[in-house]
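Notebook open, model loaded. I'm jotting down what I look up as I go.

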Protein chains: 2
Amino acid sequence: MSIVFKPIGLIHTPFQEPEGVPIQGALRPDLEGRVDIFSEFEEGLKDIEGFSHLILLYHFHLVKEHTLVARPFLDDTPRGIFAVRGPRRPNPIGMTVVRLIRRERNILHIRGVDMVNGTPLLDIKPYFPDIDAHSSVKLGWMGNKLKKTGKTTNADDRFLNE
Amino acid sequence: MSIVFKPIGLIHTPFQEPEGVPIQGALRPDLEGRVDIFSEFEEGLKDIEGFSHLILLYHFHLVKEHTLVARPFLDDTPRGIFAVRGPRRPNPIGMTVVRLIRRERNILHIRGVDMVNGTPLLDIKPYFPDIDAHSSVKLGWMGNKLKKTGKTTNADDRFLNE
């Protein structure tokens, strides 16, 4: 039942290590980064310039072991890994919606990054609000913690080392 | 550079084949399905009951070969695979936001399914509007096609056989 994927490119960001990375890109929408798509996949970027928001799926490549219960950044109670967004997941796939600033051939200049530099990219999908934006959402343990946290919340070493 | 994942469960839906599946779950929010999480991962579901919307990441397991350019359901012009949501992607990962109706131990009852029955599940993330909902979005080739399509748009065999 193994599923084998290969990176389609690499994400470049100002962060050389997990510590200091914003816990979510949406909290620091100004932070610039770059996606370098491997040239063999460049043709797949056709028409992407028309979109302002892209969903990036990527590999949390620094994760060595998963956990089933993790303490989220914004809560002191350990929560089930599928009820948090941290990286130490059984299949460590990260997801961030970023803004596309411009494309140059196989390079996408983006904003709103929250990955470590050199993160392997698995997929890019166009963001469609009619499908992807939902309201009247029940937020469980999160409640309004995210709204209250403001724009200065960066990661410590919690996820990789606890 | 290979990345190996293993399913954490299976998604059960009324669709025994790709033909007839809604092109997006959000267009048929009533459609019920079920996620069966393998028992070894059940502890990771702790606290998930508090959330109304979940992001499912799954394997488009029927895809045999990827394509870099594909004709989307709502357009006749071939588009870059990273500018569409179809399954024949270099890494065939699907993403759907579903509603969680209730949990029974390792089983999640959900609504808004758009996968084939038996689809291998890779990850579940809680949906946070502050992170995941974006407005003022430029929609490229899609424009307002999705808004106009209504709730009856189901898939044909285009993605698997073209």
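Is A:Leu139 buried, partly exposed or exposed? I get partly exposed, because A:Leu139 has 19 C-beta neighbours inside 10 Å; the scheme calls a residue buried at 20 or more other C-beta atoms within 10 Å of its own, exposed at 12 or fewer, and partly exposed in between, with C-beta atoms placed from the backbone.

Ground rules: this is a predicted model, where local features need pLDDT of at least 70, side-chain atom pairs count only at pLDDT 80 or more, and totals for chains, interfaces and linings use all residues. Residues are numbered from 1 along each chain as its sequence is written, and chains are lettered from A in the order in which they are written.

I placed A:Leu139 in the loop between α1 (129–132) and α2 (145–149) of chain A. Helices (H or I, at least four residues) and strands (E, at least two) are DSSP runs, numbered from the N terminus. Leaving out residues up to four places away in sequence, A:Leu139 touches B:Phe51 and B:Phe128; contact means C-beta atoms, placed from the backbone, within 7 Å.

Next I checked the interface. Chain A puts in 60 residues and chain B 60 residues. β9(A) gives the largest share of chain A's side, five residues.

I also found β1(A) pairing with β1 (residues 3–5) of chain B, antiparallel, over three bridges; pairing takes at least two DSSP bridges between two strands. There, A:Val4 stands opposite B:Val4.

How values were computed:
Two residues are in contact if their C-beta atoms, placed from the backbone, lie within 7 Å.
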